[in-house]
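Student: I have a new model open and want to go through its side-chain contacts. Can we take it step by step?

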Amino acid sequence: MDLQRAMLDELMGADRNLTEEERKDYKEITWDSKEVCAYYMARFCPHDLFVNTKSDIGPCDRVHDPKLKESFEKSPRHDAYLAKFEAELAQRCEKLVMELDRRVRRGRERLAQGDEPMPPPPLSADKSERLSVVEEKIKNLLVQVEALGEVGKVDEAQALMKKVDELNAEKALIQCQNDKVLVVPQEKKMALCEICGSFLVANDVAERTQSHITGKQHIGYGMVRDYITEYKEAKEKAREEERLAREKEAEERRKLREKENESRRSGSGDRDRYHDRDRERERDRHRDRERSREWNGRGSRDDWRAKNGRDGGRDRHRDRSRSCSPVRHGRRRSPRSPVRPN
C-alpha cells in the first residue's frame, strides 16, 4: 500500500485528493517537516520491513518520499540532522529487538519443556493457485494505475486503486487462513531462529532453510540487529576518537607549558648574566675612579714639590731657626728691655 501510494504521489502529487479549498491551505512538505518519517530519512523505516508477516507492526503514519530523501541527502544540513535521525531509528530498533528477545526466551522455555509448536504448513494447491491469481491481478492493476496517472486520468486511477486495496485484503485473508500454529507433541526436533524468533525443523531440507533465511521477517530483523550493532560501534568509535583528541590536546598544552617555563628559566638566566656583567662593569668603573683619584693625588703633590721645593726648604729652615732662637725660649734679652728688680 505504501509503495502504491508513493507511486501515485510521485505521478499526481501529494495533494491529488484535496479539494480546491483544501489546496489553498495546503503547505508544501519538506524533508525537515514533522510529517516526514525520520526513520526513512536515516536509512529505513521498520514499518516497511514486516508487511504481511507475523511481525507486521502496521503502516507508518508519516511520509516516505524518495524525492524528500534525495533532497535531504543533498542538503548542507544533512550531517547535523542525520545524527538525530539515526539516534531515533536506533531507539526504535532497540525496542523491537527487546520485544523479539522476550519472545525468543519464551520460545526457548517451550522447547525446553518439550511443548514445541508445529511450523506453519505449506499452502495447499488450491490456496496457492488463488494467491497467484490475486497477485497477478494486483500487478496488472498497478500497471494500469501508472499508465492512467501519466496521462492525467486521476479519477480512473483512484478507482483502480480501490480494486487494488480489495485484492490486497483478499491476499491477506488467504495467507492468514494458512497461518495457524498447532501445538502438538512433535516427533521431529524443533529449533528456534535466534535472529527472528521463528520455530524451525532442525536439520530440515536445504530448500526450506534457504526459504526461511530469504524470508521477509528474517531479513527484516537481521537488518534491525545489524543496524543496532553498527550504530553502537560507530558511537564507540566516535567516543574513542574524542578521547584521543582530548588526550592529544592535553599533551600539546603540557608541552607548551614546559616550553614556556623553559623559556622563562632561560630568560632568568640571561638576566642574571646581564646583571653580573653590569656589576662587573660597575666594579671596573669604580676601580678606574679610584686609580684616577690616586694618580691625581700623586700628581698634585709632585707638582707642589716641583714648584715649592727650594723656597719651601728655606721656609722650613727659617722655622727651625726660629724655634731654636733664645728670644723665643727666654735665653736672650733685648738690651732695651727693662730689668725687672729682684
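Tutor: Let's start with a term. Buried means under 20% relative accessible area, exposed means over 50%, and partly exposed is in between (1.4 Å probe, protein chains only). This is a predicted model, where local features need pLDDT of at least 70, side-chain atom pairs count only at pLDDT 80 or more, and totals for chains, interfaces and linings use all residues. Residues are numbered from 1 along each chain as its sequence is written, and side-chain values use heavy atoms, with hydrogens and water left out.

Student: OK. How many aromatic pairs does the structure hold?

Tutor: Seven. Rings of Phe, Tyr and Trp (its six-membered ring) pair if their centres lie within 6.5 Å; planes under 30 degrees apart are stacked, over 60 edge-to-face, the rest tilted. One of the pairs is F44 with Y227, and that one is edge-to-face, at 5.9 Å centre to centre and 80° between the planes.

Student: Where do F44 and Y227 sit in the chain?

Tutor: F44 is in the loop between α3 (38-42) and α4 (66-74), while Y227 is in helix α9 (residues 216-324). They are 183 residues apart, so the pair links distant parts of the chain. Helices here are DSSP runs (H or I, at least four residues), numbered from the N terminus.

Student: Is F44 buried or exposed?

Tutor: F44 is buried, because its relative accessibility is 9%. Y227 is buried too, at 3%.

Student: And what kind of pair do F72 and F85 form?

Tutor: A tilted one, with 5.4 Å between centres and 55° between planes. F72 lies in helix α4 and F85 in helix α5 (residues 78-113), so the pair ties together parts 13 residues apart in sequence. F72 has 0% relative accessibility and counts as buried. F85 is buried as well, at 6%.

Student: Switching to charges. How many salt bridges are there?

Tutor: The structure holds 13. A salt bridge is a side-chain nitrogen of Lys or Arg within 4 Å of a carboxyl oxygen of Asp or Glu. K74 and E70 make one, at 3.2 Å from N to O. Both lie in helix α4, four residues apart, about one turn of the helix.

Student: Why is K74 called exposed?

Tutor: Because its relative accessibility is 63%. E70, at 40%, is partly exposed.

Student: Which residues form a network of salt bridges?

Tutor: E240, R243 and E247 are linked that way.

How values were computed. Helices (H or I, at least four residues) and strands (E, at least two) are DSSP runs, numbered from the N terminus.
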